[in-house]
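Please examine the sequence and the structure shown below. A set of questions and answers then guides the reading.

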Amino acid sequence: MDGKTLYVDYSRCIGCETCEAVCGFIHDTPRIHMTRTRDGLMVPLYCRHCEDAPCAKSCKKGALVRDRDGALVLQPMLCRGCETRQCILACPFGALFLTRTGVAVRKCDLCAGRRDIGLGPACVEMCPCGAVMHVERDTVPELCTEESEEALKRVIAHIRPAVKRPG
Amino acid sequence: MNAMNFNFLRDDPLPPNGRRVAIIGAGPSGLAAAGYLGGLGYQVDAYDKLPSPGGLMTFGIPSHRIPSERIDAGVRILERRLGVNFHCATKVCCSAPLHEEEGDHFSAEMIGLGELVDDHDAVLICTGAWKSRKPGLPGEVLPGVYSGLEFLFPIRAARYARPDVTVPKVEGKRVAVIGAGHSAMDAAHSANHLGAAEVSVVYRRTRNDAPCGTFEIDRLEELGIRWMEKTSPLEILGDDHVEGMRVSGPEGESVLDVDVVIYAIGEIPTPPFAGKLGLENIRKGDVRWLNMTSIDNVFVAGDVLSGPSKVGKAVESGLKAARSLANWLDLKGENREAEFHGSEKVGR
């Protein structure tokens, strides 16, 4: 699939929270969210704009749609008033966030308003470490390094802890 | 390496609006504010005591964490595209005498705050938190005892090759680091990297309480650095230099044989004229105008207001203060100050 997506190299991220701060400054509330793993690592949870997106598939209202640049964007008018919030449970990366307003969730739209006027996502511009990137989807595998995969594994273990059930 | 683009809100700045703003301190909050105001057409003058902009992003945090080229590239955009003037190695006069905080010895020039207020439509103070908190131990003034910033700062600053900046000599020495925050980790890593014979990190609580997290501690241990938890320093021993440190640990008191002690237990904000500016009231949210001090047209943002935190918090504070400053000047120009309703409180 064509189009760009967001990629965070977790091995370069120092957990400084600049992405979240800038996102919150230009949108009402941030759509990239810093979290602290149990071993003390600060990492941002973010939307990958997945090709085969579980959130879009789970949304009964059809409120998560692909835009012209390949970003998966939320249509507030369709989302508004939803009470199932299945998308939040469906997302494997913890990248959709509950709101307390009429529109049930909020998510990254790769700065749709900025893309309209030729700018890129703000978090990418302001990350001090260059850890947040706005890249063609098919180049992501090339960007992965041993360190970034290792770091990603730790983040995934935090978002999706392996639960041992008795019996 | 791309730039950390402080001018992220727009490509081309608005035409000059004829207003001048001075920003004191060119760290994350000051640079973010410079990007915001420069983009609106303000003539921005940024002052910094250090020889280069970036603040602790350039001089405190090691370059394997924040690449300084990325900060430098962002500063170039501010200079070339937004016409921000940087006045480096210039200290804006403060309540404390010169040479009291880390990095003061770089300043070649001093300017009074009053002068800046007279010459500009508004002033934004983003001077950060540069004074190291002291451990209060007997012997902490001995040669060989450093604060985290004292130790880390010259490592980054040495490339400016000034005769009065020397990298602390730790090669072959035994080093103890007190604290378990990120700067303690950075100090321990740097000491190890500079060839210290042995590095121990001393922390009064357990690894699960450490602000840096257990992952960082595991990484230290992989490098052969000794982690000593539930251990408090009692006294630094020695006559004319550090010879050891008496500590109290889980197994009682003992003496660590060390030659260098680095304490990284936090920093204290260092505002010029703290009392006169009424910073305590701003922290409490008791303000006439968001982020404005008790002096009209003088604003404050970043760690200097909220205490040492993170780059992101400083950036956000700088952006919000810049927006508040612009609103203030715009409404004041039309005699509409009363329309301020302060819905946005200062976060700590």
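The questions and answers below concern a predicted model.

Q: How many helices and strands are there in chain A?
A: This is a predicted model, and its chain A has 167 residues. The secondary structure of chain A consists of eight helices and eight strands.

Q: What is the radius of gyration of chain A, and what would a compact globule have?
A: Along the principal axes, the C-alpha atoms of chain A fill a box of roughly 50 × 40 × 30 Å. A compact globule with 167 residues would have a radius of gyration near 15 Å, which agrees with the value for chain A, 16 Å.

Q: What percentage of the residues in chain A are buried?
A: A residue counts as buried if 20 or more other C-beta atoms lie within 10 Å of its own C-beta atom. Among the 167 residues in chain A, the buried share is 37%.

Q: Is M42(A) buried, exposed or partly exposed?
A: M42(A) is placed in strand 3 of chain A, residues 42–45. Leaving aside residues up to four places away in sequence, M42(A) touches G15(A), M34(A) and R36(A). A residue with 20 or more other C-beta atoms within 10 Å is buried and one with 12 or fewer is exposed. M42(A) has 17 such atoms within 10 Å, and therefore M42(A) is partly exposed.

Q: How many residues of helix 1 of chain A are buried?
A: The buried residues of this helix are T18(A), C19(A), E20(A), A21(A), V22(A), C23(A) and F25(A). Helix 1 of chain A is mostly covered, and of its nine residues the number buried is seven.

Q: Which helix of chain B do the buried residues of helix 1 of chain A pack against?
A: Within chain A, these buried residues pack against strand 2 (33–36), strand 3, helix 6 and strand 8 (132–136). In chain B, the element they pack against is helix 11 (311–333).

Q: Which element gives the largest share of the side of chain A that touches chain B?
A: The contact takes 20 residues from chain A and 25 residues from chain B. On the side of chain A, the elements that give two or more residues are helix 1 (18–26) and helix 6 (122–126). The residues of this side divide into twelve nonpolar, four polar and four charged. The largest share, six residues, comes from helix 1 of chain A.

Q: What is the radius of gyration of chain B?
A: The secondary structure of chain B comes to eleven helices and 17 strands. The C-alpha trace of chain B spans about 70 × 40 × 35 Å along its principal axes. A compact globule with 348 residues would have a radius of gyration near 20 Å, and this agrees with the value for chain B, 22 Å.

Q: What distance separates the centres of domain 1 and domain 2 of chain B?
A: The domain assignment gives domain 1 of chain B as 20–131 + 267–339 and domain 2 of chain B as 134–263. Twelve residues of domain 1 of chain B are in contact with ten residues of domain 2 of chain B. On the side of domain 1 that touches domain 2, the residues divide into five nonpolar, five polar and two charged. Taken over C-alpha atoms, the centres of the two domains of chain B are separated by 31 Å.

Q: Is A157(B) buried or exposed?
A: A157(B) lies in helix 5 of chain B, residues 148–157. A157(B) touches F59(B) and V165(B), not counting residues up to four places away in sequence. A residue with 20 or more other C-beta atoms within 10 Å counts as buried. A157(B) has 23 of them, and therefore A157(B) is buried.

Q: Which residue is the bridge partner of G249(B) in strand 14 of chain B?
A: Strand 13 of chain B, residues 244–249, runs antiparallel to strand 14 of chain B, and five bridges join them. In strand 14 of chain B, the bridge partner of G249(B) is G252(B).

Definitions and conventions
Residues are numbered from 1 along each chain as its sequence is written. Chains are lettered from A and ligands numbered from 1 in the order in which they are written. This is a predicted model: local features need pLDDT of at least 70, side-chain atom pairs count only at pLDDT 80 or more; totals for chains, interfaces and linings use all residues. Helices (H or I, at least four residues) and strands (E, at least two) are DSSP runs, numbered from the N terminus. The radius of gyration is taken over C-alpha atoms; the globule rule is 2.2 Å times the number of residues to the power 0.38. Domain bounds come from an automatic or database domain assignment. Two residues are in contact if their C-beta atoms, placed from the backbone, lie within 7 Å. Ala, Val, Leu, Ile, Met, Phe, Trp, Tyr, Cys and Pro count as nonpolar, Asp, Glu, Lys and Arg as charged, and the others, Gly among them, as polar. Two strands pair if DSSP finds at least two bridges between them.
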